[in-house]
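Let's take a friendly walk through this model. Please have the sequence and the 3D view open as you read.

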Amino acid sequence: MKHEQANKEIGSRGAEAHRSRGGREKSKKSNPQSPVPNLDNWLEIGKIVAPQGLSGELRVYPVSDFPERFEVAGKRWLLCSGDTEPQPIELLTGRYISNKNLYVIKLAGVENCDQAEALRGCKLMVLASDRPQLGEGEYHVLDLIGLEVFMQASGELVGTVVDIIPAGNDLLEVKLHPSFGTDKQQMTNDKAQSLSGSFLGSELCKRGQKTVLIPFVEAIAPVVDLKSNRIEITPPPGLLEINN
(Lines give C-alpha, C1' and ligand atoms only; values in the text may rest on other atoms or scores of the structure.)
Protein backbone atom coordinates (compact mmCIF):
# COMPACT_ATOMS: atom_id res chain seq x y z
CA MET A 1 0.00 0.00 0.00
CA LYS A 2 1.31 3.40 -0.81
CA HIS A 3 0.82 6.02 1.79
CA GLU A 4 1.68 9.35 3.26
CA GLN A 5 1.19 10.42 6.77
CA ALA A 6 -1.64 12.63 7.82
CA ASN A 7 -1.55 14.27 6.83
CA LYS A 8 0.03 10.99 5.40
CA GLU A 9 -0.45 9.09 2.15
CA ILE A 10 -1.49 5.54 1.43
CA GLY A 11 -1.55 2.93 -1.22
CA SER A 12 -2.50 -0.59 -2.16
CA ARG A 13 -3.40 -3.89 -0.59
CA GLY A 14 -1.14 -6.80 -1.23
CA ALA A 15 1.01 -9.56 0.17
CA GLU A 16 4.24 -7.77 -0.74
CA ALA A 17 3.30 -4.16 -1.30
CA HIS A 18 1.61 -2.32 1.52
CA ARG A 19 -2.07 -2.64 0.95
CA SER A 20 -2.75 0.82 2.02
CA ARG A 21 -1.30 3.24 4.44
CA GLY A 22 -1.74 6.83 3.91
CA GLY A 23 -3.53 9.94 4.86
CA ARG A 24 -3.28 9.15 8.49
CA GLU A 25 -1.65 11.35 11.00
CA LYS A 26 -1.11 11.01 14.68
CA SER A 27 -2.16 14.11 16.53
CA LYS A 28 0.84 15.68 18.14
CA LYS A 29 0.91 17.00 21.67
CA SER A 30 1.85 20.65 21.83
CA ASN A 31 2.94 23.09 24.46
CA PRO A 32 -0.35 24.77 25.37
CA GLN A 33 1.47 28.12 25.41
CA SER A 34 2.75 27.62 21.84
CA PRO A 35 0.64 28.22 18.74
CA VAL A 36 -0.69 24.97 17.30
CA PRO A 37 -0.28 24.73 13.51
CA ASN A 38 -3.36 23.93 11.46
CA LEU A 39 -2.34 20.99 9.28
CA ASP A 40 -5.70 20.29 7.65
CA ASN A 41 -4.31 21.27 4.24
CA TRP A 42 -1.01 19.41 4.55
CA LEU A 43 0.42 15.91 4.24
CA GLU A 44 3.48 14.82 6.18
CA ILE A 45 5.80 12.81 3.93
CA GLY A 46 8.86 12.36 6.14
CA LYS A 47 10.85 13.39 9.18
CA ILE A 48 14.45 14.60 9.21
CA VAL A 49 16.32 12.33 11.60
CA ALA A 50 19.99 13.31 11.18
CA PRO A 51 22.60 15.04 9.02
CA GLN A 52 24.32 12.92 6.37
CA GLY A 53 28.01 13.75 6.03
CA LEU A 54 29.46 17.25 6.15
CA SER A 55 27.94 18.94 3.09
CA GLY A 56 24.44 19.59 4.42
CA GLU A 57 22.69 16.45 3.23
CA LEU A 58 19.88 15.14 5.43
CA ARG A 59 18.60 11.72 6.38
CA VAL A 60 14.82 11.50 6.16
CA TYR A 61 12.61 8.72 7.55
CA PRO A 62 9.75 8.43 5.04
CA VAL A 63 6.09 8.19 5.94
CA SER A 64 5.18 8.15 2.26
CA ASP A 65 5.34 5.27 -0.19
CA PHE A 66 5.90 7.62 -3.13
CA PRO A 67 9.64 7.83 -4.01
CA GLU A 68 9.11 10.94 -6.10
CA ARG A 69 8.44 12.87 -2.90
CA PHE A 70 12.16 12.55 -2.10
CA GLU A 71 13.82 11.98 -5.46
CA VAL A 72 12.21 14.54 -7.77
CA ALA A 73 13.43 18.11 -7.36
CA GLY A 74 10.89 20.79 -6.57
CA LYS A 75 9.15 22.73 -3.83
CA ARG A 76 8.53 21.08 -0.47
CA TRP A 77 7.74 22.54 2.96
CA LEU A 78 9.32 22.17 6.39
CA LEU A 79 7.46 22.17 9.69
CA CYS A 80 9.84 22.63 12.61
CA SER A 81 9.25 22.98 16.33
CA GLY A 82 7.60 26.29 17.11
CA ASP A 83 6.39 26.94 13.56
CA THR A 84 2.78 27.94 13.11
CA GLU A 85 2.77 26.77 9.50
CA PRO A 86 5.11 24.88 7.15
CA GLN A 87 7.80 26.96 5.45
CA PRO A 88 8.65 26.51 1.74
CA ILE A 89 12.00 25.03 0.75
CA GLU A 90 13.47 23.59 -2.45
CA LEU A 91 14.37 19.92 -2.74
CA LEU A 92 17.44 19.62 -4.97
CA THR A 93 18.26 15.91 -5.00
CA GLY A 94 17.40 12.70 -3.15
CA ARG A 95 18.30 9.03 -3.09
CA TYR A 96 17.08 5.95 -1.24
CA ILE A 97 19.18 3.84 1.15
CA SER A 98 17.37 0.53 0.98
CA ASN A 99 19.08 -1.27 3.87
CA LYS A 100 18.12 1.55 6.25
CA ASN A 101 14.70 2.52 4.84
CA LEU A 102 15.87 6.13 4.67
CA TYR A 103 16.21 8.79 2.02
CA VAL A 104 19.17 11.13 1.82
CA ILE A 105 18.12 14.52 0.46
CA LYS A 106 19.71 17.86 -0.33
CA LEU A 107 17.76 21.05 0.37
CA ALA A 108 18.55 24.49 -1.01
CA GLY A 109 20.38 26.68 1.50
CA VAL A 110 21.53 23.81 3.70
CA GLU A 111 25.28 23.76 3.03
CA ASN A 112 26.96 22.24 6.06
CA CYS A 113 26.54 19.84 8.95
CA ASP A 114 25.57 22.56 11.45
CA GLN A 115 22.75 23.81 9.24
CA ALA A 116 21.60 20.24 8.71
CA GLU A 117 21.73 19.50 12.44
CA ALA A 118 19.46 22.50 13.08
CA LEU A 119 16.76 20.76 11.01
CA ARG A 120 16.82 17.51 12.99
CA GLY A 121 13.25 16.60 13.94
CA CYS A 122 11.62 18.85 11.34
CA LYS A 123 8.85 17.32 9.24
CA LEU A 124 8.83 17.37 5.47
CA MET A 125 5.40 18.36 4.14
CA VAL A 126 3.45 18.75 0.90
CA LEU A 127 0.06 20.27 0.17
CA ALA A 128 -2.86 17.88 0.68
CA SER A 129 -4.15 18.93 -2.73
CA ASP A 130 -0.98 17.40 -4.20
CA ARG A 131 -1.95 13.82 -3.35
CA PRO A 132 -0.80 11.52 -6.17
CA GLN A 133 -3.32 9.57 -8.18
CA LEU A 134 -3.57 6.03 -6.86
CA GLY A 135 -4.03 2.85 -8.86
CA GLU A 136 -6.66 0.15 -8.46
CA GLY A 137 -6.61 -1.34 -4.98
CA GLU A 138 -4.71 1.63 -3.56
CA TYR A 139 -6.11 3.93 -0.89
CA HIS A 140 -5.21 7.00 1.09
CA VAL A 141 -5.15 6.41 4.84
CA LEU A 142 -7.41 9.39 5.44
CA ASP A 143 -10.01 7.63 3.30
CA LEU A 144 -9.84 4.47 5.43
CA ILE A 145 -10.13 6.03 8.87
CA GLY A 146 -13.75 5.85 9.99
CA LEU A 147 -14.84 3.05 7.65
CA GLU A 148 -17.05 0.39 9.24
CA VAL A 149 -15.76 -3.19 9.17
CA PHE A 150 -18.13 -6.11 8.58
CA MET A 151 -17.78 -9.89 8.51
CA GLN A 152 -18.32 -10.76 4.86
CA ALA A 153 -20.00 -14.10 5.51
CA SER A 154 -22.52 -12.97 8.14
CA GLY A 155 -22.75 -9.22 7.61
CA GLU A 156 -22.06 -8.72 11.32
CA LEU A 157 -20.63 -5.31 12.20
CA VAL A 158 -17.17 -5.76 13.70
CA GLY A 159 -16.29 -2.16 14.40
CA THR A 160 -14.74 1.00 12.98
CA VAL A 161 -11.25 1.68 11.62
CA VAL A 162 -9.50 4.11 13.96
CA ASP A 163 -5.91 3.89 12.71
CA ILE A 164 -3.54 2.22 10.26
CA ILE A 165 -0.46 0.61 11.83
CA PRO A 166 2.60 0.48 9.54
CA ALA A 167 4.02 -3.04 9.28
CA GLY A 168 5.25 -5.51 6.65
CA ASN A 169 1.59 -5.62 5.69
CA ASP A 170 -0.24 -2.69 7.21
CA LEU A 171 -2.71 -3.38 10.00
CA LEU A 172 -6.16 -1.92 10.40
CA GLU A 173 -6.75 -0.94 14.01
CA VAL A 174 -10.45 -1.53 14.51
CA LYS A 175 -12.44 -0.37 17.50
CA LEU A 176 -14.92 -3.15 18.20
CA HIS A 177 -18.61 -2.41 18.14
CA PRO A 178 -20.21 -3.18 21.55
CA SER A 179 -22.44 -5.82 19.98
CA PHE A 180 -19.63 -7.76 18.30
CA GLY A 181 -18.77 -11.15 19.83
CA THR A 182 -20.71 -10.48 23.01
CA ASP A 183 -20.52 -14.09 24.22
CA LYS A 184 -16.80 -14.40 23.57
CA GLN A 185 -16.24 -11.01 25.17
CA GLN A 186 -18.05 -12.10 28.34
CA MET A 187 -16.08 -15.35 28.47
CA THR A 188 -12.81 -13.44 28.25
CA ASN A 189 -13.91 -10.92 30.85
CA ASP A 190 -14.84 -13.77 33.19
CA LYS A 191 -11.43 -15.33 32.63
CA ALA A 192 -9.77 -11.99 33.30
CA GLN A 193 -11.72 -11.61 36.53
CA SER A 194 -10.58 -15.07 37.64
CA LEU A 195 -7.00 -13.98 37.01
CA SER A 196 -7.50 -10.61 38.62
CA GLY A 197 -4.70 -11.22 41.06
CA SER A 198 -2.21 -11.58 38.22
CA PHE A 199 -0.66 -9.10 35.84
CA LEU A 200 -2.35 -10.83 32.89
CA GLY A 201 -5.74 -10.59 34.49
CA SER A 202 -5.37 -6.92 35.35
CA GLU A 203 -4.21 -6.12 31.83
CA LEU A 204 -7.15 -7.95 30.28
CA CYS A 205 -9.55 -6.10 32.54
CA LYS A 206 -8.00 -2.74 31.71
CA ARG A 207 -7.92 -3.28 27.97
CA GLY A 208 -11.40 -4.71 27.83
CA GLN A 209 -10.69 -6.08 24.34
CA LYS A 210 -11.83 -2.86 22.72
CA THR A 211 -9.66 -2.94 19.59
CA VAL A 212 -8.24 -5.52 17.22
CA LEU A 213 -5.55 -5.43 14.55
CA ILE A 214 -6.48 -6.85 11.16
CA PRO A 215 -3.90 -7.36 8.38
CA PHE A 216 -4.85 -5.12 5.47
CA VAL A 217 -4.28 -7.67 2.72
CA GLU A 218 -6.72 -8.70 0.03
CA ALA A 219 -7.11 -12.25 1.34
CA ILE A 220 -8.43 -10.93 4.68
CA ALA A 221 -10.00 -7.63 3.59
CA PRO A 222 -11.24 -8.40 0.08
CA VAL A 223 -13.81 -5.59 -0.13
CA VAL A 224 -13.08 -1.91 0.42
CA ASP A 225 -16.06 0.22 -0.60
CA LEU A 226 -15.38 3.89 0.06
CA LYS A 227 -18.74 4.99 -1.32
CA SER A 228 -20.58 2.73 1.11
CA ASN A 229 -18.17 3.50 3.96
CA ARG A 230 -17.43 -0.20 4.55
CA ILE A 231 -14.74 -2.85 4.58
CA GLU A 232 -15.64 -6.53 4.49
CA ILE A 233 -13.28 -9.03 6.09
CA THR A 234 -12.78 -12.79 5.98
CA PRO A 235 -10.44 -13.34 8.94
CA PRO A 236 -8.95 -16.78 9.52
CA PRO A 237 -10.30 -18.65 12.56
CA GLY A 238 -9.05 -17.19 15.82
CA LEU A 239 -7.60 -13.96 14.39
CA LEU A 240 -9.94 -11.61 16.19
CA GLU A 241 -9.61 -13.55 19.46
CA ILE A 242 -5.80 -13.70 19.21
CA ASN A 243 -5.63 -9.95 18.71
CA ASN A 244 -7.31 -9.46 22.02
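Which residues does Val174 touch, not counting residues up to four places away in sequence? Val174 touches Val149, Val158, Gly159, Thr160, Val161, Lys210, Thr211, Val212 and Ile214, where contact means heavy atoms within 4.5 Å.

## How to read the model

This is a predicted model, in which local features need pLDDT of at least 70 and side-chain atom pairs count only at pLDDT 80 or more, while totals for chains, interfaces and linings use all residues. Residues are numbered from 1 along each chain as its sequence is written, and side-chain values use heavy atoms, with hydrogens and water left out.

## Confidence

The average pLDDT (the predictor's confidence in each residue, from 0 to 100) is 78 for the protein, and 72% of the residues score at least 70. Residues 11-32 have pLDDT below 50, and this stretch has 117 contacts in the model beyond near neighbours in sequence. Residues 185-207 also stay under 50, and here the model has 13 contacts beyond four places in sequence.

## The barrel

Six strands form a closed barrel in the order 3-4-7-6-5-8, with antiparallel pairing. Strands (E, at least two residues) and helices (H or I, at least four) are DSSP runs numbered from the N terminus, and two strands pair if DSSP finds at least two bridges between them.

## The nonpolar cores

Val174 also belongs to the largest nonpolar core, which has 23 residues; Leu144, Val149, Leu172, Val174, Ile214 and Ile231 touch the most other members. A nonpolar core is a set of buried Ala, Val, Leu, Ile, Met, Phe, Trp, Tyr and Cys residues joined through side-chain atoms within 4.5 Å. Buried means under 20% relative accessible area, exposed over 50%, and partly exposed in between (1.4 Å probe, protein chains only).

At least two residues of this core come from each of helix 3 (141-144), strand 10 (157-165), strand 11 (171-176), strand 12 (211-215), strand 14 (230-233) and helix 6 (239-243). Another core, of 19 residues, lies apart from it and includes Tyr103, Ile105, Leu107 and Val110.

## Two asparagines with positive phi

Most residues other than glycine have a negative phi. Asn101 has a positive phi near 50 degrees and lies in the loop between strand 6 (87-97) and strand 7 (102-107). Asn229 has a positive phi near 60 degrees and lies in the loop between strand 13 (223-225) and strand 14.

Asn101 counts as partly exposed because its relative accessibility is 34%. Asn229 also counts as partly exposed, at 33% relative accessibility.
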